[in-house]
Amino acid sequence: MRHVGRSRVIALFTVAVLATVAAACGSSSSTKTTTPSAAGSSLTISNESGTTWTCGFNPFNPSVYGLSFGTVYEELTFVNSLKSGAATPWLASSYTWSNANKTLTFTIRSGVKWSDGTAFSAKDVLFTFDMLKKFPALDLNAVWSVLSGVAQVGSDQVAFNFKTSAVPYFYYIADETPIVPEHIWGSIANPVTYNDSSPIGTGPYTMHACTSADVTYTKNPSYWQPGLPKIQTVYYPSFTSNDPANELLATGGAQWGSQFIPSIQSYYLSKSSNFHDWFPPVANVSIFMNLTNPVLAQLPVRRAMAYAIDRPKVSELGEYGYEPASNQTDIVKPTFSSWYDSSQAASYDYTYDPSRAKSILQQAGYTEKNGVFQTPKGPLSFSIINIGGYSDWVASVSVIETELKAVGISITPDNLASSVFDTDLYTGKYQLGYNSESGGPSPYYELRQLLYSANSAPLGQPAATDWERYSNPQTDALINQYGATTSPATQQSIVDKLELVMLKEVPVIPMTEEVDWYQYDTANIAGWATPSDPYAQPGAYDVPDIGVMLLHLYPKS
Amino acid sequence: MRYIARRTAFFVFTLWAAVTVNFVIPRLMPGNPALAMIARYKHVTPAELASLEVLFGVKTHASLVSEYFEYLANISRGRFGISYTFFPETVSHEVLQAIPWTLCLVGVTTILAFLLGTLIGLVSAWRRGGWLDSILPPIFVITSAFPYFWIALLAVWLFSIKLNWLPLFGGYSIGDTPGWHWHFVVDALEHSILPASTILVTAIGGWILTMRNNVISVLDEDYVRMARAKGLKPWTVMWGYAGRNAILPNLTGFAMSLGFVVSGAILVEYVFNYPGVGWMLLDAVFNEDYPLMQALFLLITLAVLTAVLLADVVTALLDARTRDLV
């Protein structure tokens, strides 16, 4: 699920020039590619990482884990975010909840070996989690914020004890934590700064060679899943900019793409009948409204804004239609459609309606002066912070600006460098902000990131994910309640109530749906994830999904 | 000699000033690199933020003055710390990995552009109105006026995509291992043809134009007329009298551009995904990677200052007048 980075375009103009030129030139049958020729036995990934490789593979370092987690290191249980969190046993052959959902016990698979030949056991799992406790900087998902202890039970079981029941943390423990070998990591003094240049894992691949320009993986011959993987060699070149990465894809030099391609129809899809794309949405990009601002704290203002913006238009003009329009419930469709409460959504009906937006403002007693509504707390005139380097977000916000202006709300885009943007957003030094959450394997994760007051912080302090500073004890209670249940029916009813919070209180306004960028070439390789078989998140930067993807792929000949 | 001594003193002073500015500027920039890190990776909590900040040394409580002296001590020993972007690698490791590529590509093309440009400028001024003079300078002046990325993208389209003669991008083939063996060197050379020739085509025009103008004005000087009157061979007059004097103003410019070689060529690296330092510098700025930024800026300053000092020495050797200046 985790993304190493958003594949966005910093200097779109060069891409656009080449796209036009390349589109005009038409066919590109056999290009002198920089990749080794391969009839399916090898695969090249083209993912604009925005950086060159350091040849470090520490799976707990967020800058590089995309290069080792899933391929070299593996998880206990694979959780598929595209199938509402469907679990597949992985290094753990099974798991059970007990003790009123406060104990999670994994049975560790036997017969698994580390790639150096040492046997893998429950001790390695225990060691990994103990290490996360000892070095909080490694605990990227803060699992020790809910755990009270981890212990080995018998020879092949590991039991996780929780302070209070926190069922959703199953995802972070089982799917998002790479298991590392005790016989190697046990002797490392500081695993935080360890660069792990020759990683030893249980995964389908071993790191064969690395330069700053490319990582080459080869098949792990003693992999525990018999007969797998079928792709012998995987090349993962580094790209600091979009266009070379896109060129490699469009000329067939790379078979798996994971980035933004402008005018994808003419630039990529039309080049070969074997070229395909699919952009499954996973989370929302939203307008965050600083609720500590007295003007924005007024509900009619937020409701009017939600009605005033034509989301499909933002998607079409700002995101080339690649990222679909969101809805006010915050449920990402179609990925999480089963969670969507259509009757509630219909009763609030946040479809685009500028005249309704205006009438809400008028009914609240606000008056229009020089085209901008005035409230007792101040005029509806705000600045909106955004990341200047994300050209699609900048375009989206300028559409939003026009839409709001039409109903008497004036916003001024403030396009910032990402580090300044982050500081302002996290510490609450903004009026409106445009950003996305990371989401998770069910809509609950994003709703929790948005609405849980523990994720907020006083102004001036960095808030984890509740950047708008929403806080409501009743909502907190709902979120905690979800943590204590494994019953799908109860979970559904809680998410319904959280959707109602989104509709009724409008704490944030979801705009477009963040997608996984994914292009693939079926000429020599088959087994790709498709909308009808979404077995894993298909972005090459999604971990540990990259490992699941590679295990499904096979040469056609 | 006094001239050289003065230039050296100036060199030392400028270096100190640059080193100090280099220390101050990153600290005046807004934002916080540890926060930027969490935003990129989302799952980091405020508690972990604190540990990241300590790790990166952004919230140490040392005073600015003591930080400054520690900084001076560290850079004199070549210690630039850990890069934020390439964590946990050291800055030196990352820079050393990228700089050979930049030196080879940009360094060689800068020297080549200067030599070729000067030669063409000299010859075309010497045979003013000849066929060479009416063809080469106009062509290269036009190509120099094009934006670099446009020329580069056109070259990629023509030679890599359309004609399929040269590789699309990169310093070497995917899956190749760098090393001093024949196969790799040929591969790297093949990959450098497009970036090198596009740099050459866009950089050469300036040298041609200035050299040609300088030679034309020098040709009217009395000493050239004198040399011709003495019956010296035209070859000797062209090189020893016209060329030697006309090149002087260009030397400092050449030294400057040599110095800037280490700053890389951002657009070249962008278009060709070339593993040099230009892109690294850009990325360091985006990520507020102070240690990496400081190391690269220092390197550039040092290179430019050294090159200018060398140019002063060469000028003193070539031009007797500067030696007499007090």
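1. Ser381(A) has Ser410(A) as its bridge partner in strand S18 of chain A. The two strands involved, S17 (residues 381-387) and S18 (residues 410-416) of chain A, run parallel and are joined by seven bridges. Pairing here requires at least two DSSP bridges between the strands. Strands (E, at least two residues) and helices (H or I, at least four) are DSSP runs, numbered from the N terminus.

2. Between S17(A) and S18(A) the chain passes through helix H11 (residues 391-406) of chain A, a right-handed β-α-β crossover. Right-handed means that, with the strands pointing away from the viewer, the path from the first strand over the helix to the second runs clockwise.

3. A caution on the source. This is a predicted model: local features need pLDDT of at least 70, side-chain atom pairs count only at pLDDT 80 or more, and totals for chains, interfaces and linings use all residues. Residues are numbered from 1 along each chain as its sequence is written, while chains are lettered from A and ligands numbered from 1 in the order written.

4. Helix H14 (residues 473-483) of chain A buries Thr475(A), Leu478(A), Ile479(A) and Tyr482(A). They lie on the same side of H14(A) because they cover an arc of only 95° around the axis, taken from the directions from the helix axis to the C-beta atoms. On the other side, Pro473(A), Gln474(A) and Ala477(A) are exposed. Buried means 20 or more other C-beta atoms within 10 Å of a residue's own, exposed 12 or fewer, partly exposed in between, with C-beta atoms placed from the backbone.

5. The cover over the buried residues of H14(A) includes helices H13 (443-451) and H15 (488-505) of chain A.

6. Chain B has 15 helices and zero strands. Of its 326 residues, 39% count as buried.

Technical notes
Two residues are in contact if their C-beta atoms, placed from the backbone, lie within 7 Å.
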